[in-house]
Amino acid sequence: MIKFFAAALTLVVGMCASAFAQDVALAQKSIEKHPLSYGLVVDNSGSFRMLLDKVIAVVSDVVEENQAEDEAFLVTFVDAPKIVFRQEFTYKNSELNDAAQNMFVEGGQTAIVDAVKSAALYLEANAKTDPARSRALVLVTDGEDRASEASIEDVLKILKAANIRVFTIAMSDGKVVTKIIDRLSKDTGGLVVTPKRSTELAAAAKQIAVAMRTK
């Protein structure tokens with residue numbers, strides 16, 4: 001009798017393990033094939049002067065996670081007049097990387113919310129519309145907004161109406177200001193990651209890439 005129950009228990013455990021493995025495989029397959037339309041929204045203000053190399057590196061790391069059906073664009077910002085679309089939607093990683101390499105720091109008061117609004121409107125108007133596709137913005141900033149004219153409430157309405165989630169890579173050579181980036185990311189179902197060392201950039205990029213594909 002004991003042998004019978006032991007054999008039955010082994011069979012049940014084996015079946016559960018097999019079912020779990022199948023679920024994991026299906027989830028991974030779904031993530032791998034889930035197409036993305038997203039924008040990289042990158043702070044180029046003076047506070048990033050000492051971090052520019054790391055910013056370029058983390059943007060490149062995010063881009064390297066792209067898959068064949070993904071499309072992305074790159075916009076940089078300081079204040080509202082310096083919101084620049086450096087690369088419009090493209091499937092080519094090389095074009096995104098070239099645009100990232102051409103980023104440079106400028107003076108001016110930072111306008112994070114205005115930049116997110118501009119990027120969201122562009123994404124909504126130009127992204128592919130196939131049903132399985134996810135929409136997202138990857139915001140790279142220290143979180144300090146000094147000059148936005150748009151209200152965060154209005155921008156959140158735009159993001160939610162267009163099903164755009166915000167994923168923030170928070171970077172600073174001092175202190176990250178969390179108030180705005182927490183609202184933009186958490187209120188849209190996104191995520192905030194804060195890599196503190198150069199060795200953490202690739203892992204942060206991979207975490208963002210996986211999260212963007214998970215609805």
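Trainee: Which exposed residues does the face of H6 turned away from its buried side carry?
Mentor: This is a predicted model, and H6 in it has a buried side and a face turned away from that side. The exposed residues on the face turned away are Lys179 and Lys186.

Trainee: Which residues of H6 are buried, and what arc do they cover around the axis?
Mentor: The buried residues of H6 are Ile180, Ile181, Leu184 and Ser185. They sit on the same side of H6, because the arc they cover around the axis is only 115°.

Trainee: What do the buried residues of H6 pack against?
Mentor: Two helices are involved, H4 and H5.

Trainee: How are H4 and H5 oriented to each other, parallel or antiparallel?
Mentor: H4 spans residues 112–126 and H5 spans residues 152–161; their axes are 10 Å apart and the packing angle is about 20°. Angles under 35 degrees count as roughly parallel. H4 and H5 are therefore roughly parallel.

Trainee: In which hand does H4 pass H5, and what classes of residue make the contact?
Mentor: The crossing of H4 past H5 is left-handed. H4 contributes Val113, Val116, Lys117, Ala120 and Leu121, while H5 contributes Ile152, Val155, Ile158 and Leu159. By class, the residues of this contact are 8 nonpolar, no polar and 1 charged.

Trainee: How are H2 and H3 oriented, parallel or antiparallel?
Mentor: The axes of H2 and H3 cross at roughly 170° and come within 10 Å. An angle over 145 counts as roughly antiparallel. H2 is therefore roughly antiparallel to H3.

Trainee: Which residues make the contact of H2 with H3, and how do they divide by class?
Mentor: From H2 come Ile56, Val59, Ser60, Val63 and Glu64. From H3 come Asn93, Leu96, Asn97, Ala100 and Gln101. The contact of H2 with H3 has 5 nonpolar, 4 polar and 1 charged residues.

Trainee: Within what arc do the buried residues of H3 fall?
Mentor: Leu96, Asn97, Ala99 and Ala100 are buried in H3, residues 93–101. They line one face of the helix, because seen down the axis of H3 they fall within an arc of 160°.

Trainee: What covers the buried residues of H3?
Mentor: The cover includes helix H2 (52–64). It also includes two strands, S2 (71–77) and S3 (84–90).

Trainee: What phi does Asn163 take, and is Asn163 buried or exposed?
Mentor: Asn163 lies in the loop between H5 and S5. Most residues other than glycine have a negative phi. Asn163 is not a glycine, yet its phi is positive, about 55°. With a relative accessibility of 62%, Asn163 counts as exposed.

Trainee: Is Ser134 buried or exposed, and which residues does Ser134 touch?
Mentor: Ser134 is placed in strand S4. Its relative accessible area is 4%, so Ser134 is buried. Leaving out residues up to four places away in sequence, Ser134 touches His34, Pro35, Leu36, Ser37, Arg165, Met212 and Lys215.

Trainee: How many residues apart in sequence are Asp173 and Arg49, and how far apart in space?
Mentor: Asp173 is in the loop between S5 and H6 and is exposed, with a relative accessible area of 52%. Not counting residues up to four places away in sequence, Asp173 touches Ser47, Met50 and Leu51. Asp173 and Arg49 are 124 residues apart in sequence, and C-alpha to C-alpha they are 9.4 Å apart.

Methods. Residues are numbered from 1 along each chain as its sequence is written. This is a predicted model: local features need pLDDT of at least 70, side-chain atom pairs count only at pLDDT 80 or more; totals for chains, interfaces and linings use all residues. Side-chain values use heavy atoms; hydrogens and water are left out. Axes are lines fitted to C-alpha atoms, for helices over the stretch in contact, and angles run from 0 to 180 degrees between N-to-C directions. Helices (H or I, at least four residues) and strands (E, at least two) are DSSP runs, numbered from the N terminus. Angles under 35 degrees count as roughly parallel, over 145 as roughly antiparallel, 65 to 115 as roughly perpendicular and the rest as oblique. A crossing is left-handed if the near helix is turned anticlockwise from the far one by less than a right angle, and right-handed if clockwise. Contact means heavy atoms within 4.5 Å. Ala, Val, Leu, Ile, Met, Phe, Trp, Tyr, Cys and Pro count as nonpolar, Asp, Glu, Lys and Arg as charged, and the others, Gly among them, as polar. Buried means under 20% relative accessible area, exposed over 50%, partly exposed in between (1.4 Å probe, protein chains only). The arc is that of the directions from the helix axis to the C-beta atoms.
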